[in-house]
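Please look through the following notes with the structure open beside you.

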Amino acid sequence: MQNITLRTQSLTIGYKSGNQSICLFEDLSLQLQQQQLVCFMGPNGAGKSTLIRTLAGLQEPLRGKVEILADPHPISTSATVDVAHSIAVVLTDRIATNNLTVRDLVTFGRYPYLDWTIRLHQRDDELITKAIAEVNIEYLEEKKIFELSDGQLQMVMIARALAQDTPIILLDEPTAHLDLNNRIEIMKTLKHLTRKKNKTVLLATHDLDLALQTADAIWLTGKNKNILTGIPEDLVLNGMFDSIFEFKGFDLKTGKVIHTSFQKFNVKLSGQGHFFLWTKNALERTGYRLDPDADLEISTPETEELLWKIFYQGNLKEVTSISDLLNHLQTI
């Protein structure tokens, strides 16, 4: 087991509304470990952002405490001690000014270490340059913030957190509103930081597919103001994901949308590898039910030579694409 970098003790979080305290999670005993990427997941409005802010010391808990054990002298985020040397946070708040350059924004990560003169020293400059290189955005260094795409801006915000040089990084929806390439790049970058830089990374996310493939652990919002924890595979197989998200028409165990069969005959499909998987996807998507005892058999390509074989009533038909395959099935 890796070293524990952060833990909570009987933590209850929420917010004040007039004279009332609105509880979102209660009696939480959680921990984060070094070299661990943890994805925090749950429905909208469950309180994920509130927990991120509480763990970072930006919001007071209702009860209990958060302890940072990554620091040589363990501290509490509810104490007056500045926790910015231990935790960097990437929130969804908009940047106040767009006229900064990328390097200017990354430089903000060093502010917790500066004195009243706000003067950067050689080590600060080195860490800023290193952070920019770590996320491969050197080519953006002199660009203004308003010139960046959403994906580029998220990478800049991660670089700012890296420049802060903390053992723990907390992120709130870093992949929201990004395209697939940018979402994958950000998740791979965060994973790299845990392995190569010994960081502890916790991010709130709705990217279920990427979380299942990259996270070392999952925090899943429960239905009783609790948080369920475990590795992704266990939470899939024991039904926890299904019980929380209540998927409609989606089988998480197979990672597939559940299709309704409506074609007039079933199909036997043989083959292996990606040709088999994508042919199966096309057949089920268009309403065919796969049946090992079906009279009509389709054999997928065995090599990179694109050739599908259709056997039916003693006849053989060969096609060179899945589109042609589906068109031929409609003639039978």
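**Notes on the model**

1. Helix 3 (residues 122-134) has 13 residues and reaches 18 Å from its first C-alpha to its last, which is close to the 18 Å expected at 1.5 Å a residue; the expected span is 1.5 Å times one less than the number of residues. Helices here are DSSP runs of H or I with at least four residues, strands are runs of E with at least two, and both are numbered from the N terminus.

2. Please keep in mind that this is a predicted model, in which local features need pLDDT of at least 70 and side-chain atom pairs count only at pLDDT 80 or more, while totals for chains, interfaces and linings use all residues. Residues are numbered from 1 along each chain as its sequence is written, and side-chain values use heavy atoms, with hydrogens and water left out.

3. Which residues of helix 3 are buried? They are Asp124, Leu127, Ile128, Ala131, Ile132 and Glu134, where buried means under 20% relative accessible area, exposed means over 50%, and partly exposed lies in between (1.4 Å probe, protein chains only). They cover an arc of only 160° around the axis, which puts them on the same side of helix 3; the arc is that of the directions from the helix axis to the C-beta atoms. Their cover includes helix 2 (102-107), helix 4 (150-163) and helix 5 (180-196), with contact meaning heavy atoms within 4.5 Å.

4. Four strands form an open sheet in the order 14-15-16-17, with mixed pairing; two strands pair if DSSP finds at least two bridges between them. Strand 14 (268-270) and strand 17 (315-319) stand at the edges, each with a single partner strand, so one side of each is left without a neighbour in the sheet.

5. Strand 16 (residues 308-312) and strand 17 run antiparallel and are joined by 5 bridges, and the bridge partner of Ile310 in strand 17 is Lys317. Helix 10 (residues 322-329) packs on the sheet, touching strand 15, strand 16 and strand 17, and its direction makes about 15° with that of strand 16. Such angles run from 0 to 180 degrees between N-to-C directions, and the axes are lines fitted to C-alpha atoms, for helices over the stretch in contact.

6. Gly18 lies in the loop between strand 1 (4-17) and strand 2 (20-28), and Gly18 is exposed, with a relative accessible area of 72%. Gly18 and Val267 are 249 residues apart in sequence and 63 Å apart in space, C-alpha to C-alpha.
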